[in-house]
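Could you go through these notes with the model open beside you? They cover how the chains meet, and then a couple of items inside individual chains.

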Amino acid sequence: MENKLLIQLVVATEAMFFAALLIAFVSFSLVPGFREQQLAALDWRTTGLVTGLLFASSFTYMRAEASYRRGAPGRLRLWLLVTIALGALFLLGQAREFEGLFQRHLDLSSNTFGTSFFTLTGFHGLHVLVGLLVLGILTGLSFAGDYDRPGSTIFSTVGVYWHFVDIVWAVVFLVVYVLPHFTRL
Amino acid sequence: MDVIPGRQNHVWVTIKEPGVYEGACNEFCGQQHAWMRIRVVAQTPADYARWLHATDQPAALPTTAQAQQGAALFAHYACSSCHQIKGTAAHGHQGPELTHFASRRTMLAGLLPNTPANVSRWLTNPQAVKPGAHMPRFIFGQDSIRALTAYLTQLH
Amino acid sequence: MAPQPVLVPEPEQPLPSLGLDSSQGLLQWISAVDHKQLGIMYLWVALLFLLAGGLEILLVRVQLFVPRNTFLSPETYNQLFTMHGTTRVFLVAMPAIFGYATYLVPLMIGANDLAYPRLNALSLWLTFFGGCLLYFSFLAGGGPDAGWFNYAPLNQYNYSSSPGIDYYCAGLLLSGIGTVTAAINLVVTILRYRIPGMRLKDMPVFVWMILLTGFLVVAAFPALNAALAMLLLDRQLHAHFFNADAGGSAVLWQHLFWLFGHPEVYILILPAFGIFSEIFAVFSRKPVFGYAFIVGSGIAIALLAFGVWVHHMFAVGLGNTVNGFFSASSMLIGVPTGIKIFNWLATMYKGSLRFTVAMRFAVAFLVEFTIGGLSGISFAIVPIDLQLTDTYYVVAHIHYVFIGGTLFGLFAGLFYWFPKISGKLLDERLSRWFFWLFVLGFNATFLVQHVLGALGMSRRIYTYPDLPGWAILNQISTLGGFLMGAATLLLLYIIVKAIRRGPAAPPDPWDAYTLEWTTSSPPTLQNFDRVIPVRSARPYRDYKRPDDADYLKPGKKKGVHGK
């Protein structure tokens, strides 16, 4: 019972961190010229695709959790692997997008858009990476038989973190990729 | 009120009596924050108008031989790349304007009184007087320093 | 099938108490996960940096002894005052607070350790290594020199090209992670590991304050972490968060820093309020007056803490509406603290007072912290702030609240809990000498600074012109500082002497009220075999005086005459 509280507090502190990065992004976005950059650089469709993959990974993780609770270790391992694969595809999609932007000479040091965009999405990507590492450890342990029988709080705890990473991305995607198409200053 | 790059701030000051008022930079600004002092000279409107008119005039022309030599050195030694003296070819904007330098009571943002001895000290080795100042050390000979001092101290 | 309990092997021999006298020596300390050992280590870290930060500021005070002094160059001076502030906040006050919390919270709630002992160890070592990284800067090209608040644009690479500020960012990020993990550990422990029967309203006030502090840390540190990360990106990867030339904003730094910085000062003071609540109660032989109001006002402070940060930025020119709002909120936040002060006075009222050294610090706190609080409220008024901001008036204010509040709390806690932690008693006579010397030195140093500030002396200046009154006031301040330094050395002597050959301490030297005093001095590894029943906020007193127990008088005013 205390592990849930632990991870909720961790998520709370990380949420504040992302809030600070988001506030910086939004405050820069109010300056004329920023929105044009945003629209020119970002494509919500391709990024929307990998976003869908990340959201799917939350569902597959929930399947993994359910398998664990039912004492079905085989399914557990399968769903964990699928979750990791979807998360990894998300990161690959991000990497491709960043690559494309670097080639167009947009990076951290270009302007405030580059600075705030890469910082916000970069830190999110790092959080996904950490999540994948943890999921990898869980997968390894489950293959070693540690999670053949239910009773541990580990999956619900990690689940809180993984879903949190998803929710942060939902907000970031909305504000950074979708919103500029609907606002006119 | 803070001075912040990228923002415009304003502050109103109401001064009731003419006089000289001391102030200082309060927001920590670097190595020489201690010697970024402010001196406000408040005058009656008539005196102020006279002062303003006098400030607009170009620099006094050097009359003594030593001061003329100093003026020549000033032009030669790239002082003009940083400092402006109205009425001469010096139009630099990196350092303070020196057109009426000799009329100031203090120098180096309030660090020292504006005396010939202090001007010479400064010209000899700026970093020894105010470490961190942006004026580089020119290795002047003694004669040059005397000449430059003579020139600067007559710029009323 | 229920999960098997994991049996952590316990060491055969008793824990080393304070020194390296156990047979396992240093390794035992390095591998420690027991909260009591980690708590002690936090306190040693705090003491080490207390001396470092003290040396830094005494050098500063020597430089300020006479006008136009040439003892220190401006570069060195700027590094010293920056490191003094940074050290005091992050490497003295925070470790000491977390040291007391780590040590005492499990004992006070009847638990055998924190919720996550290994995480606890990680927190300590991150805090310590973060500090080491910060201090390494002196060897690596110079310490940070842009002030502990490190404003943009001065913190940018083109204005501060020595690596000092990079070490500042990295060191504080590391330490900060240690602090946040410790806070989370404490919150989980307090909410989930209380002995059954201890309701939230039976918790000692100190535990409540740590709970609130934990939430403040979780909410406030991320703003600092974000700012530090952004600054590192600006400095190392040429990002543009804070440089105005490329569209960045120097004011963004200020907002993020003070969104952290203001809650930070409440993080620093709430635990001290908790310590004082314990001490006022025990040494007035009464329950703390108005427990619900003490706790409630603490909650109010924690919430309001996030609504006042712009009072550090009145001179930024954010406009009258913004300034007016934050001026009002800053005055408002004085009210819950005032409530606490009155509650503590009421606790003492008609109590049978015992002026142990801990209690002396508590009474001194009432005076000194009130002075600091009043000076703070005075420049919650914007026009006054515009005159006094960044002058020595603010320096006086912050030291009256930091020293008169936080540090006196830490000292009071030391004199109160030392017997429990070490099993030895501190020399009473020398401790009184320490109290008077320190209080005298402290007031001599900082009282005059109110005047200096009003006369216009700016903060953070490495020297000053010979204006009337400035020299003599600075001299008094410097002499006061050295007196504080001498008193601190005396404290060190008192502590070492007690550890080496102090008389043995009984388990309950003060006839106190809370659970930590039911254990031996020092407690065993396990803390408790069994915990006495908890039915009120003074369980040990109930146990010692069952006929006069608090729980026999529900809802009634308890113990006005009770001993």
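Predicted model: local features only at pLDDT ≥ 70, side-chain atom pairs only at ≥ 80, totals over all residues.

1. Start with who touches whom. Two pairs of chains touch, and the pair with the most contacts is A and C. Chains A and B, on the other hand, have no contact joining them, and their closest C-alpha atoms are 12 Å apart.

2. Now the A–C interface. Here 29 residues of chain C meet 25 residues of chain A. On the chain C side, the elements giving two or more residues are α5 (164-192), α6 (205-237) and α7. The largest share is that of α6(C), with ten residues. Sorted by class, this side of chain C has 23 nonpolar residues, five polar and one charged.

3. The B–C interface next. Chain C puts 26 residues in contact with 20 residues of chain B. Two elements of chain C give two or more residues to this side, α3 (74-109) and α7 (250-284). The largest share comes from α3(C), and that is three residues. The class make-up on the chain C side is 13 nonpolar, ten polar and three charged.

4. What about chain C as a whole? Its secondary structure is 16 helices and zero strands. Along the principal axes, the C-alpha atoms fill a box of roughly 70 × 55 × 50 Å. The radius of gyration of chain C is 24 Å, which agrees with the value near 24 Å for a compact globule of 563 residues.

5. Still on chain C, how much of it is buried? Buried residues account for 57% of its 563 residues. Looking at contacts between residues at least 6 apart in sequence, 80% join residues at least 24 apart.

6. Finally, a local item in chain B. Helix α3 (residues 116-124) of chain B has Val119(B), Trp122(B) and Leu123(B) as its buried residues. Why do they sit on the same side of α3(B)? Because the arc they cover around the axis is only 95°. Among what covers these buried residues are α4 (126-129) and α5 (142-152) of chain B.

Note on methods
Residues numbered from 1 in each chain as written. Chains lettered and ligands numbered in written order. Contact = placed C-beta atoms within 7 Å. Helix = DSSP H or I, 4+ residues; strand = E, 2+ residues; numbered from the N terminus. Nonpolar A, V, L, I, M, F, W, Y, C, P; charged D, E, K, R; others polar. Buried ≥ 20, exposed ≤ 12 C-beta atoms within 10 Å, placed from the backbone. Arc of directions from axis to C-beta. Rg over C-alpha atoms; globule rule 2.2 N^0.38 Å.
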